[in-house]
Amino acid sequence: MQTKIVTLEQGLEEAVRLIKSGEVVAFPTETVYGLGANAFDPNAVRKIFEAKGRPMDNPLIAHIADISWIDRLAVDISDNARAVIEAFMPGPITVILKRSKEVPDEVTAGLDTVGIRFPKHSVAREFIKACGVPLSAPSANTSTKISPTSAQHVFDDMQGRIPLILQGGECEVGIESTIVDMTVDVPTILRPGAITADMLVQVLGKVKNFDGKIIVAKAPGMKYKHYAPSCEMVVATSEEIASYEYGRQFGIGNNPVIIAKNDFLQGLDDPDFFHFIRLGSSDEDAMRNIYRAMHEAQEKYNYIICQDFGEEGIGASIMNRVNKASGGKRI
Ligand code: TXA
Ligand code: MG
């Protein structure tokens, strides 16, 4: 068998055709290169083990191109697991979840759990998406060899054993993904990686590290509030609510301020009555100014009312920080 290295532009169609006909294809991810096959096709998955010379009792990770794909692979997904998925995917993390019946034994080595990873690398994402099915993929090296971080590494090791390698440059992260088992009482890191125990603790409150040590959040509340201003902060879901809450806080002797974009400020009943900090007109403006506004607000005022930026795009990224700052308090 001849092994080709091709770019996504040259080779996407052929790569997808190979996957659909039950063959294996090597592809880049931000951690290391993987050797993929259709995760729902047991015969294709067996070819991975053959090409690598990997023992069949070592389970494979299923790689997805959208978070919604998880529901076909896993069941009984806890809120904690969802929080980890939300916080770190796409990215260099694999979560272990309870498998669904659709996942073949060849993928999980007969375990009742499955490892799921949503890579960030654009070539991986485009390729998996075009395949339309999750790809089971171990690192694209023969068993016991070093994991490959370039297409050339894959070629040197697996030449003649696989038909195609998608080119995706050098891997940015360079070591395999963090694996965290979300099926046990205390989420447990089975393999450390770029997503660290400290990062997981911020989302989960408590994790068991790969060395068996339990790590807990340093202070209660850290789980949600780690970008918190020194005074109380709430998120107002509308202009009316912001106006009302401002008046109420003012009435009980507090010194409130409203943080919002221009259009929201214009929607307040009587703009002259309020103290406010402008974030600008676009979401990009708001993103750039949000921390500065929080700094200013905590210095001059003692109660912050922040606008809701919604759940889409940059608005959602801003809300991620705002929710942490407000401890998720919405009015
Ligand atoms: O960064 C990565 O994770 C790379 C890229 C290609 O995504 N993949 C990778 O796969 O490192 P692999 O097969 O070389 O390592 C996967 C590890 C193995 O140690 C395997 O035992 C473990 O994940 N694993 C897979 N499924 C598991 C499961 N259900 N429970 C526990 N461990 C699992
Ligand atoms: Mg490996």
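The model is predicted, so to speak with care: local features need pLDDT of at least 70, side-chain atom pairs count only at pLDDT 80 or more, and totals for chains, interfaces and linings use all residues. Side-chain values use heavy atoms, without hydrogens and water, and residues are numbered from 1 along each chain as its sequence is written.

Let's take the cysteines. A search of the whole structure turns up zero disulfides (a disulfide being a pair of cysteine sulfur atoms within 2.5 Å). For Cys 171, the nearest cysteine sulfur is that of Cys 131, 18 Å away. Cys 306 has its closest cysteine sulfur in Cys 231, at 12 Å, so that is too far for a bond.

Now the rings. There are six aromatic pairs, where ring centres of Phe, Tyr or Trp (its six-membered ring) lie within 6.5 Å, and planes under 30 degrees apart are stacked, over 60 edge-to-face and the rest tilted. Tyr 246 and Phe 273 make an edge-to-face pair, with centres 5.9 Å apart and planes at 65 degrees. Phe 273 also pairs edge-to-face with Phe 274, at 5.3 Å and 75 degrees. Ring pairs link Tyr 246, Phe 250, Phe 273 and Phe 274 into a cluster.

Here is how some of these residues sit, with buried meaning under 20% relative accessible area, exposed over 50% and partly exposed in between (1.4 Å probe, protein chains only).

| Residue | Relative accessibility | Class |
|---|---|---|
| Cys 171 | 11% | buried |
| Cys 306 | 1% | buried |
| Tyr 246 | 2% | buried |
| Phe 273 | 43% | partly exposed |
| Phe 274 | 7% | buried |
| Met 1 | 62% | exposed |

Note on methods. Chains are lettered from A and ligands numbered from 1 in the order in which they are written.
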